[in-house]
Amino acid sequence: MSKRVGVYICSGCSIGESLDLDRLARVAHEECKAPVCRVHPFLCGEEGLATIRKDVADQAVDALVIAACSPRMKTAAFTLDPRMPMDRVNLREHVAWAHPPKDEDSQALAEDYLRMGIVKAEKSEPLEPLANGISRTILVVGGGVAGIHAARAAADAGYDVVLVEKERELGGRLAHVELDFPTRAPYTELEETGLAAEIRKVGAHPKVQVRMLTRVVRTEGQPGAFAVTLESQGKQGTVTVGSIVVATGWRPYDPTRLGHLGYGKSPNVVTSDQFDAMIAAGAPVRPSDGKPAESVLFIQCAGSRDQNHLPYCSAVCCMKTLEQADRIHRRDAATKVYIIYRDIVTPGQSERYYARVQNHPATFLLKGDVAGVRNHGDKMAVEVKNTLLGEHVEVPADVVVLATGFVPNAPGPIETRNPADAPGGASGAQAQGQTGNGEAVAGKPWEPEPESILNLTYRQGPELPICRDGFPGSNFICFPYETLRTGIYTAGAVHAPMDGLTAAEDAAGAAMKAVQCVEMISRGQAVHPRAGDLSYPSFFLQRCTQCKRCTVECPFGAIDEDEKGTPKFNPNRCRRCGVCMGACPERIISFKNYSVDMIAGMIKAIEVPDEDEEKPRVLVFMCENDAYPALDMIGMKRRSYDPSVRVIPLRCLGSLNVVWIADALSRGIDGVMLIGCKYGEDYQCHFAKGSEIASRRLENVKETLQRLQLESERVEVLQLSLDEYAQLPETIDAFVDRVRELGPNPYKGF
Amino acid sequence: MATAQPIEPDVGFLKQVMALGAHDAKKCVQCATCTSVCTLSTAETGFPRKQMLLTQWGQREQLLSDPAPWLCFYCGECSKECLRKANPGETMMALRRYLTSQYDWTGLSRLMYRSAAWELGILGVVATVIVLLFTLPRNFGFGLLSQAGPQALSSVMLNKFAPVETVHLADTTLALLLGFFLLTNAARMFRRLTRDDGIPLGTYIRYLPTLALHLFTQARWKGCAAGDAIKNWVRHLLLASGYMLMFTLVVIFLPWFQVPNDRLHWTSFLGYYATAVLLVGSGWMILDRARKNGEMYRFSHLSDWLFPTLLLLTAATGILVNILRVQDLPMPTYVMYMIHLAIAVPMLVVEVPFGKWAHLLYRPVAIYVEAVRRDALARGA
């Protein structure tokens, strides 16, 4: 044994009453030859911790095994030295609280966990954080509301900021909007945006360098050291930045796809944007003949919340329509304004504005489904179904306004996903031509998708991966601001549909993430979600076969390839999930405290009962983010499950190397369960794709089982979200029962 | 595919109803909390939610043929629970005001509901006519006061001053005339509600008892959601009984009711009962309204004030006439009698066929039509 492992067993929290700790200590001492093994009644208390600290100071031990509560508890107390090899053996939640006291099976479970913990500590090496000389400058791409506020927030926190804007001026879409939604009590009147003052402030900020008429043409490197090539009026230059906030905003959904809502049938059908331009110039008119419009009909959710178009709510269109109705009535209170909606979304205090605008005698709201829009003399007629005024009604109006939705201003597949919806021969091109018919509505046409925002030189592609609905990002609830590219954060409407005020707040959050990123990376720490982790993978490239699995599977694009096709690891892009380690068929990727060999050693440490004992052994690999804490909760609830399971937590199920399954089965373990996070569009995997990748890898395992002439039912993978924790005991027991029915693993005893 | 029904809001109508009390109707977001808390609303009628939307969209024609506004007794629970403070209870009240003005074919009601000046003006004109009838010298007309003769001034001789035959003839004529207006207005409402409904006459005949029941008992009020529904119903029933009793005494039994001097006829006791109930009932309602005691009194239109106030004054002056008469004060009795009539007659003229009083008939007619409709629907299904 190369390491001096100190084993510290806590007898508090009913562990002592439940288990025979003398026998447990003998396992450490006699069987595992740990030089130090102490039992303490209150290990996390000052006295208990002092005992451990003394052994460390005396150099009696250089690796620790804390056999006490779950590793998710008392983390600060037991992190005596973040660099020292250490394992936490979960005697409390996984043994004492979940299984009967003074019971042979419970004791066997505790002894196995201790053996596994000692192996883990022995096979861990002290961590050495990456030394990083890094840039702390923050790049903000896009000078709209979000970009301005992100730049301000980062600069006010003391960081240098480069703010890049492709246009001639800052302000984005709200640059020329004088009045915007209410933000102050009584929330019933439109307000000045105050954007001009914000633009002046950011322009004058000593920490902010504003680059107008500039685009990003290339982004190389990694967090802490991004080399970003900027192009301005034909001239190129490079800046080095630590992290990036993308705030490129939104563009309206292409209305030529909305033929079913009448777009293209008549110039009297316009988009919200075009209508804005019209009423900025004066009272609304009928574009076909320029006559004043006596009635304006708004169709809400034009393209939004529609599986054929934008599956999401665009969040702002309801307020936008109310604002336009308000403006119409400021000019002429007699103009009839119809609003056909499915639901009105005016969150928070905006509800007051909604009530105020709605209470105008000439505002008419109707909930229903638009069934069609047709020409009706010199007016339009809008058919509405399922309304409370009647099953099938028709409302005539001079102008129809389509409240078109938000599309992120980023390269993405959202509009190419569906063919243009243009019945009645109104092709997109024709519709586009017709909008130019009336000068008043010429406005700006919808915009094409940008070709590139960052143009990353990553092996996995030049842009931010799309999370869902075309928005680059991450699970919005669990990981706001994060993207699948470490050190690059999205803010504002490119992130999710939102109004100016929300974008400003969103931007402040993203700026703080960018600041946090440069700070943690400067200390060699991982960022979210393994924030603070000092470990990182190393590649034993001499044995690499250039199979590219690691470069393809890394959820964060951390691994590029050099000219020869050999993996080129960018440690600062890495989130330490270990997906590469699970992917590698040559097992050449390891962390100092997490490796294929270490887990294999832990599996080997499990005592497998003989066939005649008729006790199965089931190995459960659990994602330490959702499944493992779920099992902790089962312990806290004092619920029980079959004691023949042995749980090994994994950083992510995606770090599962299939060799472990073969190892386990060939050792006579009767079944293997893999429990990971939910994947798919509403994924909960902390590493976005890990559990999905693990499920795919398992397909290959079936072949291995056949080769070993074992039933494929002995291995099972399933998804669990934390809120489903209560079903975990039944799930485990059912699997163990199925394994019992299959009979003992024939490899037992070999 | 069935053709779509064209919808065009009548903004003029909407503005009128808003002015009559539906100030907040546009704020309704159709959440249906009102309909859920209403214990009188049914799946078929769906009020007040449905009427809120019809009002918002200025659907005048639909509302004119809708009995629902009259099915509401305004307990106010809906307004209390309304999340949007859209006051559905008051919207239903405003609709009743509007419908009252519309079912009247003479147009007088419309004028009076639209303008306080017209309403007070007409009351004033009728009151003046009554006063003139008494005070003008005989040569210019009735001159009732001068007709009484000298001995009537030494002792109260009401039948001399206002001969019971003359008064009886006058009040019967008035009753017939007002009854005519009221019934024709109610008939207009009935036609509007039942137009083209294709329900056989037999059903309408079978349900006539329902009409009578609700006319005399207002029984449905008991089912209101508010905790004090029973109290309000009893109070209203007593008031209505006093009103009907007094009306009957004056129109049919006047020869016995207005007996000379201090002889008591059995009708007198009924008269005292009616007076007491009218005084207490209307006074109580006025107090509640003044204190805004309860949802239904939170908003008050002029018509809501006038009816109970005139009723109170009529009862008060009536009993004063009696007191003065018993005290044998001839001149004060005659003057009080004149004042009594100058209040009672305009009240009847304005309120019975053209004002709030008309709900006496409109409400049971609506309940009746709704019962018939429900029956027809059940048979159809």
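Helix H17 of chain B passes helix H18 of chain B in a left-handed crossing, that is, one in which the near helix is turned anticlockwise from the far one by less than a right angle. Helices here are DSSP runs of H or I with at least four residues, strands are runs of E with at least two, and both are numbered from the N terminus. H17(B) covers residues 266–290 and H18(B) residues 302–326; they pack at an angle of about 145 degrees, with their axes 9 Å apart. Axes are lines fitted to C-alpha atoms, for helices over the stretch in contact, and angles run from 0 to 180 degrees between N-to-C directions. Among the residues that make the contact are Leu278(B), Leu279(B) and Ile286(B) of H17(B) and Leu311(B), Leu312(B) and Ile319(B) of H18(B). The residues of this contact divide into 10 nonpolar, five polar and two charged. Ala, Val, Leu, Ile, Met, Phe, Trp, Tyr, Cys and Pro count as nonpolar, Asp, Glu, Lys and Arg as charged, and the others, Gly among them, as polar. Two residues are in contact if their C-beta atoms, placed from the backbone, lie within 7 Å.

The model is predicted: local features need pLDDT of at least 70, side-chain atom pairs count only at pLDDT 80 or more, and totals for chains, interfaces and linings use all residues. Residues are numbered from 1 along each chain as its sequence is written, while chains are lettered from A and ligands numbered from 1 in the order in which they are written.

Chain A has 20 helices and 34 strands. Its C-alpha atoms fill a box of roughly 95 × 60 × 55 Å, taken along the principal axes. Of the 750 residues of chain A, 53% count as buried, meaning that 20 or more other C-beta atoms, placed from the backbone, lie within 10 Å of the residue's own. An automatic or database domain assignment divides chain A into domain 1 (1–126), domain 2 (138–248 + 450–522), domain 3 (252–441) and domain 4 (595–750). The C-alpha centres of domain 2 and domain 4 of chain A lie 43 Å apart. Their contact takes five residues from domain 2 and four residues from domain 4.

Strand S1 of chain A, residues 5–10, has six of its six residues buried. Val5(A), Val7(A) and Ile9(A) lie on one side, and Gly6(A), Tyr8(A) and Cys10(A) on the other. Strands pair if DSSP finds at least two bridges between them. The table lists some of the pairings.

| Strands | Sense | Bridges |
|---|---|---|
| S1(A) and S3(A) (residues 63–68) | parallel | five bridges |
| S1(A) and S2(A) (residues 36–40) | parallel | five bridges |
| S10(A) and S11(A) (residues 225–232) | antiparallel | eight bridges |
| S21(A) and S1(B) (residues 5–6) | parallel | two bridges |

Ile9(A) has Ala67(A) as its bridge partner in S3(A), and Gly6(A) has Val36(A) in S2(A). Strands S10, S11 and S12 of chain A form, in that order, an open sheet with antiparallel pairing. S10(A) (214–222) and S12(A) (235–241) are the edge strands, each pairing on one side only. Within S11(A), Ala227(A) stands opposite Glu220(A).

Between the chains, 19 residues of chain A are in contact with 20 residues of chain B. On the side of chain A, helix H11 (350–358), strand S18 (363–367) and strand S21 (392–397) each supply at least two residues. S21(A) gives the most, with five residues. This side of chain A has nine nonpolar, six polar and four charged residues. Val393(A) stands opposite Gln5(B) in S1(B).

Key: A residue is buried if 20 or more other C-beta atoms lie within 10 Å of its own, exposed if 12 or fewer, and partly exposed in between; C-beta atoms are placed from the backbone.
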